[in-house]
Amino acid sequence: MQSPAIDGDRLWSRLMQLAECGATAKGGVNRQALSLEEHAAWRLVIGWAESAGLAASTDAAGNLFLTLPGSDAEALPVMTGSHLDSQPTGGRFDGVYGVAAALEAVCTLAEAGVKPSHDLVVVAWMNEEGSRFAPGMMGSEAFAGMRSLEFIRGVRDAVGISVGEALDAQMAEFSALPRKRLGFPIGAYVEAHIEQGPVLEAEEKVIGVVTGIQGKKTWEISLLGEEGHAGTLATADRRDALDAFSRIAQRMYREVGGDDPLVKFTIGRLRVEPNAPSVVPSRVVFSIDLRHPDNAVLDRLGDALERICKESCAPCDVELKRLVSAPSNEFDSNLQATIEQSARQRGIPSMHLLSAAGHDARYMAPLCPSAMIFIPCRDGVSHAEHEWAEPAHVTAGADVLLDTLLTLCGD
Ligand code: GLV
Ligand code: MN
Ligand code: MN
């Protein structure tokens, strides 16, 4: 059948309305997982979905589902979406674009009277970013059975609130929503997202057919020393955790973050205790985010990071908490071909590329054929308040998504 076209103006207006949920003074978004700002975003998308005839539901991991029922009860659901949470200085498109584009595609089909054979399920995964609660991708990992509900419920934010407490508060707020079973069977998964890098813009392409996601490892590392008086404690007697951190960080930047441009090494968070000007620091907690497309290199560098911590922590002690160890993956080749063909049929220039950023699609890929559709973002900027995507690209990505969903439903 001839695909209907999505309503680009409506999609753009919805993205801008969602950007009001957690809007920052500099034009970005701070919408943390399971926060009141994310609740506001949920209310908006649930309202839009229900007015198009979609049914809202959730699961024990706080994932949100918006379902257009299909005609064939035996056919496995086709799922599409992304996440609504953001970094503290996030932009208006990361994650939320994939949810809004999915909703636009599915609402367009519902409004055109298309009754797909498969259920079409729009998803907003819980805590993709991992900024309030680390690690990220908790909702999709719990859905995929990669992490237990017990583990994610026990993770606490910086002020001591646990995921379990925040989830229970969200469930109370949205108590009318029916609960789906965690990990219910899915036939295929497609996630639309801004590229978060410069490749599509540089190559003057509008659609990225994502081949896979580069590997990622993360840690939370604690250095344990002893507090003391800044004026009286002899330097030789100090167990200064910040001094140990500076030695370790220098070696990591030099020996791991060094020459290979494909290595992405980041220390993004640092907590010093007691963090007082005249007290020798007794404890430093820091994060490491390490990425590389080659799994063997990623493993080698990961081992090197752990070795540096152990070799250079003295006279302090070190505790290593491994949070994420996700190898590079490859998306389904048939689904990649479907996306490429959808773009070609609409006359939209496309190319294949590897995702440098992480996405929930990584955790869906072992469950069912999965793939991603990228659109460009200005200057490749993301995880920043000035992140931007062009309205024409926003529309193009949602049109290609709609065609891809129709193909997956066999309609
Ligand atoms: C996802 O947000 C990532 O950090 O790659
Ligand atoms: Mn994202
Ligand atoms: Mn992100």
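Trainee: Which residues are the protein donors of the manganese ion (ligand 2)?
Mentor: In this predicted model, with residues numbered from 1 along each chain, chains lettered from A and ligands numbered from 1 in written order, local features need pLDDT of at least 70. Side-chain atom pairs count only at pLDDT 80 or more, totals for chains, interfaces and linings use all residues, and side-chain values use heavy atoms, without hydrogens or water. Donors are N, O and S atoms within 2.8 Å of the metal (3.2 Å for Na, K and Ca); water is not among the atoms, so sites may look incomplete. At 2.1 to 2.3 Å from the ion lie His 83 (NE2), Asp 94 (OD) and His 193 (NE2).

Trainee: Which residue coordinates both the manganese ion (ligand 2) and the manganese ion (ligand 3)?
Mentor: The two ions are 3.6 Å apart. One residue coordinates both: Asp 94.

Trainee: How many residues apart are Asp 94 and His 193?
Mentor: Asp 94 sits in the loop between β3 (78-83) and α3 (96-111). His 193 is in strand β5 (residues 188-194). Helices (H or I, at least four residues) and strands (E, at least two) are DSSP runs, numbered from the N terminus. The pair links distant parts of the chain, 99 residues apart.

Trainee: Are Asp 94 and His 193 buried or exposed?
Mentor: Buried means under 20% relative accessible area, exposed over 50%, partly exposed in between (1.4 Å probe, protein chains only). Asp 94 and His 193 are both buried.

Trainee: Which residues have the most contacts inside the largest nonpolar core?
Mentor: A nonpolar core joins buried Ala, Val, Leu, Ile, Met, Phe, Trp, Tyr and Cys residues through side-chain atoms within 4.5 Å. The largest has 84 residues. Its largest share, 12 residues, comes from α3. Those with the most contacts inside the core are Leu 66, Met 79 and Tyr 97.
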